[in-house]
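Please read the remarks with the sequence and the structure at hand.

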Amino acid sequence: MKKILETARKNLPLTDDCEITFEGRLHGLTDEKLSACVEGGVNRLSIGVQTFNADIRKEMQRLDSPEYIIRRLEEISAIDNLAVVIDLLFGFPGQKGKVWTDDLKIVSELPIDGVDCYQLNVFEKSPLNTRIKSGLCDPAATLAEAADMYAESVEYFSAHPNWHRLTNTHWARTPLERNLYNRLAKGPSDCLPFGGGAGGKLFGYSWMQERKLAKWSEMVEKGLKPVFVMMKPQEHWHLMRTLASSVESGPFNLKEIGDNFSVDIEKPLKPVMDQWIKAGLLEKSGEVYSPTVAGQFWYVTMAQLATEALTMAIAKEDSFKADPITQSVYSPNQAEAWLKTINKREE
């Protein structure tokens, strides 16, 4: 781990305050491994705790006891200049009511720097879903129950004097937690993937590295790009990703976003925004739309619907074309000017 980290710092143009996160779980994270991380430049540790409830942890086959996790987090949090962040999941079988409230209370009292509250996803072919269907495990929370649990987390941390919000699902207790990657990755920012199975994007193109380690190693040794799959950017991808990430993070200003891309997106999206206000998902003050707690819960779906609605609206407008470089929206004359610039660069 130390060798990889030192090599990355040596070969990549990283800034002094670059956020370097090591992600994993506490089980197996020895003092030796932790020291290697810190010595290699890690300044953010993201730990998948999921829940502190002993019964649920046992049911989910989590190996460490709540007592050990709490003690270990307290020890690690004492390391200078290392942000310690944990993930919590809501929606586990048997987690409703007091169990979830206790999870929130434990987190708020820990000397950690941040917490992420995510909804549990039960995948069709997962072992958990198999146990639920066979009656060996209680059902996971319904959508309505999960929404209530999310709302409780928002209410709890919003009212807590030591915590402040970074995104819809991320909360920080100290300035050490910046959550840079999570905030940038959902937008139009480039993301370079290294290693087997890693995913990223560049100039709107997204791809995943070869997932089989042996094949990935073979391709690298042959000097080949170890790409498993790649997707072209959709039309106006830069605008769409900016819109989606703005809706996801909220509050957002459609006029401001549109002005940055020289196109009016307020008018085509107004029916959608009005419907969301009527449904209690948004509130509007001046030109700024702010998601309600319900809107914050549905932020992924809302971001997707917003981009789909804008895509359909632009498709009906013949007066707009996409800038081939940034995929912004321009008039025909502007697009023609860009094409001349590109041809000149190629020459």
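This is a predicted model: local features need pLDDT of at least 70, side-chain atom pairs count only at pLDDT 80 or more; totals for chains, interfaces and linings use all residues.

**Backbone, cysteines and salt bridges**

1. Q50 lies in strand β2; strands here are DSSP runs of E with at least two residues, helices are runs of H or I with at least four residues, and both are numbered from the N terminus. The phi of Q50 is positive, about 75°, although Q50 is not a glycine. With a relative accessibility of 15%, Q50 counts as buried, where buried means under 20% relative accessible area, exposed over 50% and partly exposed in between (1.4 Å probe, protein chains only).

2. Residues are numbered from 1 along each chain as its sequence is written, and side-chain values use heavy atoms, with hydrogens and water left out.

3. N81 is found in the loop between α4 (66-76) and β3. At 61% relative accessibility, N81 counts as exposed. Most residues other than glycine have a negative phi, and most peptide bonds are trans.

4. Which peptide bond is cis? The bond from G250 to P251 is cis, with omega near -10°. P251 belongs to the loop between α10 (237-249) and β10 (252-253).

5. As to the overall fold, the chain contains 15 helices and 14 strands. The C-alpha trace spans about 65 × 55 × 45 Å along its principal axes. Of the 347 residues in the chain, 41% are buried. Taking contacts (heavy atoms within 4.5 Å) between residues at least 6 apart in sequence, 59% join residues at least 24 apart.

6. The accessible surface of the chain comes to about 19800 Å², and 55% of this surface belongs to carbon and sulfur atoms. Accessible areas come from the Shrake-Rupley method with a 1.4 Å probe; for residues, only the protein chains shown count as cover. The chain has 41 positive and 48 negative charges, whose mean positions are 5 Å apart. Lys and Arg count as positive and Asp and Glu as negative, while His and the chain ends are not counted; each charge is placed at NZ of Lys, CZ of Arg, CG of Asp or CD of Glu.

7. How many disulfides are there? The count comes to zero disulfides, a disulfide being a pair of cysteine sulfur atoms within 2.5 Å. C18 is in no disulfide, and the cysteine sulfur nearest to that of C18, in C191, is 12 Å away. Seen from C191, the closest cysteine sulfur is likewise that of C18, and at 12 Å the separation is too far for a bond. C18 is partly exposed, with a relative accessible area of 21%, whereas C191 is buried at 17%.

8. The whole structure holds 13 salt bridges, each defined as a side-chain nitrogen of Lys or Arg within 4 Å of a carboxyl oxygen of Asp or Glu. One of them joins K2 and E39, with the closest N and O atoms 3.0 Å apart. This pair links distant parts of the chain, as K2 is in helix α1 (residues 2-11) and E39 is in helix α2 (residues 31-40), 37 residues apart. K2 is partly exposed, with a relative accessible area of 32%, and E39 is exposed, with 52%.

9. Where in the chain do R44 and E177 lie? Their side chains meet in a salt bridge at 2.8 Å, N to O. R44 lies in strand β2 (residues 44-50) and E177 in the loop between β6 (170-172) and α8 (180-185), so this pair ties together parts that are 133 residues apart in sequence. R44 counts as buried at 5% relative accessibility, and E177 counts as buried at 2%.

10. The side chains of K96 and E145 also meet in a salt bridge, at 3.1 Å from N to O. Because K96 lies in the loop between β3 (83-90) and α5 (98-109) and E145 in helix α7 (residues 143-159), the pair ties together parts that are 49 residues apart in sequence. K96 is partly exposed, with a relative accessible area of 46%, and E145 is partly exposed, with 24%. Elsewhere, salt bridges that share partners join D31, R72 and E75 into one network.
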